[in-house]
Amino acid sequence: MSRTPDSQQRVKFYQTGTFTVGNRLLDDAQRTVQASVERANSLDSGHRACQGCGEALGARYVVDAALRAADDKLVAANATGCLEVFTTPYPESAWRLPWIHSLFGNAPAVGAGIAAGLRARGIDDVRVLAQGGDGGTTDIGMGCLSGMFDRNDDVFYVCYNNQAYMNTGVQRSSQTPPAARTATTTVAGSEPGNELGTGKSVPLIAMAHGIPYVATASVHDLHDLELKVARAMEFHGARYLEVFVPCPLGWGSKPADTIKVARLATQSGMFPLFEAEYGEITATTKIRTRSPVDEYLKLQRRFAHVFQPGNEHQLEALRQVAERNIRRFDLVADTEDSA
Amino acid sequence: MSEDIATKPFAVSLDVGGSLLNKTGSWRSERPVYVDRLPPCNHACPAGEDIQGWLYHAEEGDYRAAWEALIANNPLPAIMGRACYHPCQDACNRAQLDQAVNIHAVERFLGDLALAEQWPAPIPGSPSGKRVLVIGAGPSGLSAAYHLARLGHAVEIHEAGPLPGGMMRFGIPRYRLPREVVDGEVRRIVDMGVKLHLDSRVDDIPALLEAGRFDACFVAIGAHVAKRVDIPGRDAARIVDAVSFLRDMETGDAPLQLGRRVVVYGGGNTAVDVARTAKRLGAEPVIVYRRGREQAPAHDFEIDEALEEGVVVNWLRTITETDEQGFKIEKMELDENGWPQPTGEFETIEADSLVLALGQNVDQGILTNLPGVALNSSGVVEVGNDMATAYPGVFAGGDMVPAERTVTVAVGHGKKAARNIDAFLRGETYTPPPKPEIAVYDLLNTWYYSDAEQKVQPVLDAARRTTTFDEVLSGLDASNALFEARRCLSCGNCFECDNCYGICPDNAITKLGPGRRFEFKYDYCKGCGMCAAECPCGAILMTPEST
């Protein structure tokens, strides 16, 4: 292998590959938006998110990349939730783009309205983004979201999924994973934490609408996330991106571990990364180094009870979630392919 | 603000504005700081090279800058890129990921490029008016001369032999170290204005110091006197010592009549060098060593290369006597302490000659008229941490002082001595800068390093290895050297990957631009520690806030 003539060496190697945010040895085109001093910093310093907030990070990643794709002509509608509260205690705001907040569940509808208004005024170079947390998106906003998908409104909707209602004190949402402790799924009784077998997949629901683009991303893989944002911005019509954003407060993880938790979620198979166009999966991001589910769970106090005697079936159920994702989304590369 | 709260709309307590008014830095209990930790390669290098530092430039393809950073510590990179046993690579953190960075090969690439391009040594410092005598033009003496010249001192080297290089020429065979490489790197030092006197043996240091008006002296005459062993019935004509054998190979002085079958006695690198040289002269060498391969001081790869070339090794044997036909050999076995004990079983090896490669002693003639300076019980000269002998103004290093006897250690001694001599000449004491914490593997976040196999140096085919003195190991070409340099993990030292800048949820890091790294905005940093956790190379430290 190492004797391959250089002309046949297909992979350029830049010290750390392309896994870091930037790297001085890379061409500009191969660096991320976040590596640039010219990034928009659409979500600026001074916001009130907790230490190590995955959502604050994910939101800056997404909006900066979308701004670049839209030549800075972007309007954002925001659902109620942490992302709204910690950025914009009226009349102060950490956002550096036109941004509107209306109700908890109507961000998709507000986005659709902005898009319709722009069209009515003949403005075709301003793009629309709507965003919210998992509560505002998958529970309260589900009707508005489905309608926006159904009408194929020209809105890029981004859900920052931290798997519970964090802003109001960590209550269960329909994206809370099985067995997880929240304020409303306490560690008590024979089935502590969230009920097994629950937790819906909004990306799959979005796909069922047959909209142009659906994808999942994670804050631990910036290159992957930015590519998906850029791809989404190439389409017109309804698009949906779900970003996995650990919440140190709600999950009981260390603030410094936010990216590690996200990394282990994907590398264990607990959160699959994929893309779909017009209802069909077009690509999955393969697991690079497979990690045991337990390693992911052990970083979070919300899962501490599954390691207690008597709760073995919960641990096993979570492992099965990962197995099913790996099977369903084909997350492990064939060894022949990876060679 | 509070006085005009009544003028604000209901439930609004803030002025209209951006979030920058909110200094979230006040939340912090720990602050991140950028640090430069000591990479394990640098820590392991006996010559004190800043390996990570020069690889940093090589990664960019700026080989001139890389070479200049390299020779700041080591004036002989083309030689060391061949002769060094690269303890840096044994310490390399990358070995725990896939394989160590082939530092040695990149060093050689840079050294060879500098010779080919005739890059000059750095311009010497402004003249100090001080004169320093260096005795011995081996790696230690040359290194000292180079560093002293850079510090502005006038240096004269007195070398007893007919050619410079010491053991680099008279110990290491040319198939491992071509002579034009030695000549090229020595010439570069001489071109700095260092005076080199060959065939100039020094017997009385104080007299020469006086006569030459020298202010200080560095002695590095090495260890050239072969150790002997009593073998009953030996026929002196058929026994030669390794040092003389290898020296004669260079000078061409004596006809080397080894005969067909040669026994080499010893298990060190010199024994292996002799056997491989004899093989190239057409003989059939057999190495005899009293202990096993595990205990042999020769490096594993050298033994492997010798075996590949057809050298035969008899482990656990001692030579007890000689007769007309050959040598009587006794089998040994190791006791529980790993020492060989005789078994009483004997065998005979038919051979025409015997080369003793049992180690070398220091020639103590040099110590004449140096009161207080003598060989210790191990046969070497004691020096302090500053490389100074007991005689004021006389320093010593290399093989003649207690240390591992390698080219790299010798080069390191030369540098260390030069710094101390420089301080001595100014009436000061040299204090080495404090060493930072070592960047151990656990401080790295290796997720960010992609897989990359080590580039292997091409090896000469076996047929040419046993019939010629052509160099066995070739160098890397430019693209391979670049790839190899980029395999460096940059342990403990920022390489501007932008990770901290990218992953801060609070946008609390300023990117200062190429070569200038980053800066924290402590007004907004909440102290979450994500930057430290996700720094690939362990260059960020979280430290408690004082208040």
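Leaving aside its neighbours within four places in sequence, which residues is B:Val355 in contact with?

Mentor: Happy to! First, this is a predicted model, in which local features need pLDDT of at least 70 and side-chain atom pairs count only at pLDDT 80 or more, while totals for chains, interfaces and linings use all residues. Residues are numbered from 1 along each chain as its sequence is written, and chains are lettered from A and ligands numbered from 1 in the order in which they are written.

Now your residue. Once neighbours within four places in sequence are set aside, B:Val355 is in contact with B:Val240, B:Ala242, B:Phe245, B:Val262, B:Val264, B:Tyr265 and B:Val274. Here "in contact" says that the C-beta atoms of two residues, placed from the backbone, lie within 7 Å.

B:Val355 also belongs to the largest nonpolar core, which has 250 residues; together with B:Ala145 and B:Cys217, B:Val355 is listed as having the most contacts inside that core. Such a core is a set of buried Ala, Val, Leu, Ile, Met, Phe, Trp, Tyr and Cys residues joined through C-beta atoms within 7 Å. A residue is buried if 20 or more other C-beta atoms lie within 10 Å of its own, exposed if 12 or fewer, and partly exposed in between, with C-beta atoms placed from the backbone. By that count, 48% of the 547 residues of chain B are buried.

Let's follow B:Ala145, one of the buried residues of helix 7 of chain B. Helices (H or I, at least four residues) and strands (E, at least two) are DSSP runs, numbered from the N terminus. Helix 7 of chain B is mostly covered, with eleven of its twelve residues buried. Its cover includes strand 3 (131–135), strand 4 (154–158), strand 6 (216–219), helix 8 (167–170), helix 9 (179–190) and helix 14 (407–425) of chain B.

How does the length of helix 7 work out? The expected span of a helix is 1.5 Å times one less than its number of residues. The twelve residues of helix 7 (residues 139–150) of chain B should therefore span 16 Å, and this agrees with its end C-alpha atoms, which are 16 Å apart. Just after helix 7 of chain B, B:Gly152 takes a positive phi of about 95 degrees.

Finally, step back to the whole chain: chain B has 18 helices and 20 strands. Its C-alpha trace spans about 115 × 55 × 45 Å along its principal axes. Of the contacts in chain B with a separation of 6 or more, 72% involve residues 24 or more positions apart.
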